[in-house]
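Welcome! Take a moment to turn the model around on your screen, and then let us walk through it together.

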Amino acid sequence: MKVRYLHTMVRVKDLEATMAFFALLGLKETRRVDSEKGRFSLIFMAPEGQEDCPVELTYNWDGDEGLPSDSRHFGHLAYRVGNIYEMCQKLMDAGVTINRPPRDGHMAFVRSPDNISIELLQEGEALAPREPWASMENTGHW
């Protein structure tokens with residue numbers, strides 16, 4: 001039996017802030033479905049050239065009281081990046097907290113505006129440890 005990956009769905013409270021966060025990671029909107037009857041929007045975002053591996057942002061127009069304040073039950077999304085230090089600096093410059101800094105030059109964790117855990121992994125071999133990352137402490141949980 002053949003299986004094909006389609007997407008990962010996460011529910012979001014602040015659609016614009018969440019889309020801006022994923023845009024910082026390099027994702028672009030690839031498709032949108034707005035349902036007047038169901039009063040929700042589905043926004044698919046993916047890295048350029050990887051449109052077949054999107055994250056689906058599900059936004060309920062009338063709010064989503066069922067959305068937990070800590071989305072850890074979901075796990076995390078993972079993205080490979082060309083330079084983990086540059087990506088973390090870009091995110092930090094935009095006001096994103098680096099929850100688990102890339103001290104090892106290989107892995108970092110951040111959270112989206114909806115508290116979704118995002119793992120960033122260095123493409124190829126780990127980069128040599130360097131400051132400020134090497135001595136930066138964890139912030140919050142990831």
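## The pocket

Strand S5 (residues 76-81) gives the largest share of the lining of the largest pocket, 5 residues. Helices (H or I, at least four residues) and strands (E, at least two) are DSSP runs, numbered from the N terminus. Before going on, note that this is a predicted model, in which local features need pLDDT of at least 70 and side-chain atom pairs count only at pLDDT 80 or more, while totals for chains, interfaces and linings use all residues. Residues are numbered from 1 along each chain as its sequence is written, and side-chain values use heavy atoms, with hydrogens and water left out.

How many residues line the largest pocket? There are 17, and Pro47, Gln50, Ala78, Tyr79 and Arg80 lie nearest its centre. The space in the largest pocket comes to about 310 Å³. A pocket is found on a 1 Å grid over the protein atoms alone, as an open set of points where a 1.4 Å probe fits, with protein on both sides within 12 Å along at least five of seven lines; lining residues have an atom within 4 Å of a point. Grid points are joined across faces, edges and corners, and the volume is the space filled by probe spheres set on the points. Sorted by class, the lining has 12 nonpolar, 4 polar and 1 charged residues. Here Ala, Val, Leu, Ile, Met, Phe, Trp, Tyr, Cys and Pro count as nonpolar, Asp, Glu, Lys and Arg as charged, and the others, Gly among them, as polar.

## The nonpolar core

Now look at the largest nonpolar core, which has 28 residues. Phe22, Leu25, Val55, Leu57, Tyr79, Ile118 and Leu120 have the most contacts inside this core. At least two core residues come from each of strand S1 (8-12), helix H1 (15-24), strand S3 (40-47), strand S4 (55-60), S5, helix H2 (84-93), strand S7 (107-111) and strand S8 (117-122). Which element supplies the largest share of this core? That is H2, with 5 residues. A nonpolar core is a set of buried Ala, Val, Leu, Ile, Met, Phe, Trp, Tyr and Cys residues joined through side-chain atoms within 4.5 Å. Buried means under 20% relative accessible area, exposed over 50%, and partly exposed in between (1.4 Å probe, protein chains only).

Setting aside residues up to four places away in sequence, Val55 touches Thr8, Val10, Phe22, Leu27, Ile43, Phe44, Met45, Leu77 and Tyr79. Contact means heavy atoms within 4.5 Å.

## Buried polar and charged residues

Thr18 lies in helix H1. Is Thr18 buried or exposed? Thr18 is buried, because its relative accessible area is 0%. Beyond residues up to four places away in sequence, its contacts are Val12, Leu57, Pro113 and Asp114. Thr18 and Leu57 are 39 residues apart in sequence, yet 8.3 Å apart in space, C-alpha to C-alpha.

Ser112 sits in the loop between S7 and S8 and counts as buried at 5% relative accessibility. Its contacts, not counting residues up to four places away in sequence, are Phe21 and Ile118. Arg100, in strand S6 (residues 98-100), counts as buried because its relative accessibility is 10%. The side chains of Arg100 and Asp104 are joined by a polar contact of 3.4 Å. A polar contact is a pair of N or O atoms within 3.5 Å; within protein, one must be able to donate a hydrogen and the other to accept it, and residues adjacent in sequence count only if both atoms are side-chain atoms.

## Backbone details

Let us finish with the backbone. Most residues other than glycine have a negative phi, and most peptide bonds are trans. Arg39, in the loop between S2 and S3, has a positive phi near 55 degrees. Asn115, in the loop between S7 and S8, is not a glycine but has a positive phi of about 70 degrees. Arg39 is partly exposed at 35% relative accessible area, whereas Asn115 counts as buried at 19% relative accessibility.

Where is the cis peptide bond with omega near 5 degrees? This bond runs from Glu131 to Pro132, and Pro132 lies in the segment after S8.
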